[in-house]
Amino acid sequence: MPRMRLRLFADYHQLVLTDEAVERSLGDAWTEQTLSDRIAVVGETCGIGTEVNVDVDVVVHVAAEPPALDVAPFDHVVEAALRVPSGRLMVMGCTDYGPDAARTDVPPGWVRIRVQKHNLARAVEADVDSAESEETMERIRIDLWPAPYAPVEVLKRWGGPWS
């Protein structure tokens, strides 16, 4: 299973996953509901809402089938569908430069994204200093696997400031 570990700047409280060939703006996708869910999808682009506006720790796993689901270790878990026709997914902060973004291969077509976030209360408490320490950094695990389209589903909701 391919795995990628990144430290990304979550400018404007968001990260972006997008098909390498079809970048779209999330513009009006952030609504009261998508902010609460901490995920917004427009076409071939997905925004992941973060609690902090600094660096976050991100681990991306690509699998052939859904990984086991265990929400217990996480503060917030949400799933969404994303179409990736090119089979190349860019993973980046929302203001990162696309050509320099990290990329991973995924099966072309629809993929399911499971975003699992933890250490949120400590990150929010540390605010702009959260990226200064492993103990206070917001951590995000993203699992991806091929799956037909299905709507967004919040599997565990964190009651933090964006809820």
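**View 1. Surroundings of Ser130.** Ser130 touches Val52, Val54, Ala123, Thr136 and Met137, with residues up to four places away in sequence not counted; contact means heavy atoms within 4.5 Å. The residue lies in the loop between α2 (120–126) and β10 (139–146). Helices (H or I, at least four residues) and strands (E, at least two) are DSSP runs, numbered from the N terminus. Ser130 is buried, at a relative accessible area of 0%. Buried stands for under 20% relative accessible area, exposed for over 50%, and partly exposed for what lies in between (1.4 Å probe, protein chains only).

The model is predicted, so local features need pLDDT of at least 70 and side-chain atom pairs count only at pLDDT 80 or more, while totals for chains, interfaces and linings use all residues. Residues are numbered from 1 along each chain as its sequence is written, and side-chain values use heavy atoms, with hydrogens and water left out.

**View 2. The open sheet of 5 strands.** The strand order is β3-β4-β2-β7-β8, with antiparallel pairing; two strands pair if DSSP finds at least two bridges between them. β3 (39–42) and β8 are the edge strands, each pairing on one side only. On average, neighbouring strands of this sheet are turned by 20° against each other, direction ignored. Axes are lines fitted to C-alpha atoms, for helices over the stretch in contact, and angles run from 0 to 180 degrees between N-to-C directions.

**View 3. Strand β7 and its partners β2 and β8.** Strand β2 (residues 14–19) runs antiparallel to β7 and is joined to it by 5 bridges. Within this pairing, Thr18 stands opposite Met90 in β7. Strand β7 (residues 88–93) also runs antiparallel to β8, with 4 bridges between them. Here Val91 has Ala102 in β8 as its bridge partner.

View 4. In β8 (residues 102–105), Ala102 and Thr104 form the covered face. Arg103 and Asp105 form the uncovered face. In a regular strand the side chains alternate between the two faces of the sheet.

**View 5. Cys46 and Cys94.** The count of disulfides is 0, a disulfide being a pair of cysteine sulfur atoms within 2.5 Å. The cysteine sulfur closest to that of Cys46 is in Cys94, 13 Å away and too far for a bond. Cys94 is likewise in no disulfide. Cys46 is buried, with a relative accessible area of 0%, whereas Cys94 is partly exposed at 24%.
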